[in-house]
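Colleague: Could you walk me through this one, starting with the charged side chains?

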Amino acid sequence: MAEREKLLEIKNLKQYFNQGTSNEVRAVDDISFDVYRGETLGIVGESGCGKSTTGRTIIGLYDATDGEVLYQGKDVHAKKSKAETKQLHQSMQMIFQDPYASLNPRMKVNEIIAEGIDIHGLATSKKDRMEMVYSLLETVGLNRDHANRYPHEFSGGQRQRIGIARALAVNPEFIIADEPISALDVSIQAQVVNLLKKLQKDKQLTYLFIAHDLSMVKYISDRIGVMYFGKMIELTTADDLYRNPMHPYTQSLLSAIPLPDPNYERTRKRKSYDPKQHNYGPDEEVKLREVAPGHFVHCSEKEFEEYQKSYKN
């Protein structure tokens, strides 16, 4: 099997926010992981766990407190020339959570989508620019007539499609999708996720897909990382996470997923998670350890040995 190419490397990333003189919020607390070219890495966790902050720090919307974000081996947060910064912004794009707040209400759709085209000088003429906009609209399931309308004239699902078209306008390689379906009706969510999967196949895109819905993340992701209070507590393939959830917090998340089975739902027992159950000593080293090939769990040495014994091949 050929070795996969690392597109993105996150090394000991920290993002701390100071609130007042003594209140420090460790939104992202020393996490490391890789994203391979062509894959979708899903990041899940409850609200406030640091997953969106991770995405925003990776793309450079926040300056990292510490650690490294390497995109194709180059540090995203290091000083760069104007040309290097422009190239990085073209390679990495973001789809935002709120399709209502992320589009400028004073701009027409063609202006919103063409903004990146103009900044990066991708069109040779006004006619070429509009043809690119029309093509992008059709790519995301909209039509040419939508180009001269304003965002308020569209539904939430349509607005998110406009946001996707805007991200695609500069021909990126890597897209961070920050909870792109959480503000949409359930009936629309699957349409948007299917669109993202189709675009990935057609354009050879790499995704970091951030969400709190584990079932939807499993559907789109090759691998899944689970975050809890700024820490990456489990990371493995989507199938393995469902088959072999090791960390008690992951088990609690999975136990909360409803199934369309009345008999199962009547007897379903949800597992609760209490971080105190680990009872770590003051000198115990707790870190992400590889319990099985490609399956990492945040644990102590003692827990690591127990996880290895209980892992099902």
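**Charged pairs and a helix**

Modeller: Arg56 is partly exposed, with a relative accessible area of 26% (buried means under 20%, exposed over 50%, and partly exposed in between, using a 1.4 Å probe and protein chains only). Keep in mind that this is a predicted model, where local features need pLDDT of at least 70 and side-chain atom pairs count only at pLDDT 80 or more, while totals for chains, interfaces and linings use all residues. Residues are numbered from 1 along each chain as its sequence is written, and side-chain values use heavy atoms, leaving out hydrogens and water.

Colleague: OK, and which side chain does Arg56 meet in a salt bridge?

Modeller: Arg56 meets Asp178, at 3.8 Å from N to O; a salt bridge needs a side-chain nitrogen of Lys or Arg within 4 Å of a carboxyl oxygen of Asp or Glu. The pair links distant parts of the chain, with Asp178 in strand β7 and Arg56 in helix α1, 122 residues apart (helices are DSSP runs of H or I with at least four residues, strands runs of E with at least two, numbered from the N terminus).

Colleague: Is Asp178 buried or exposed?

Modeller: Asp178 counts as buried, because its relative accessibility is 2%.

Colleague: How many salt bridges are there in the whole structure?

Modeller: A search finds 17, and one of them joins Lys231 and Asp29 at 3.6 Å, N to O.

Colleague: Switching topic, which residues of α11 are buried?

Modeller: Glu303, Phe304 and Tyr307 are buried there. Seen down the axis, the buried residues of α11 fall within an arc of 105°, so they line one face (the arc is taken from the directions from the helix axis to the C-beta atoms). The face turned away carries the exposed Lys302 and Lys309.
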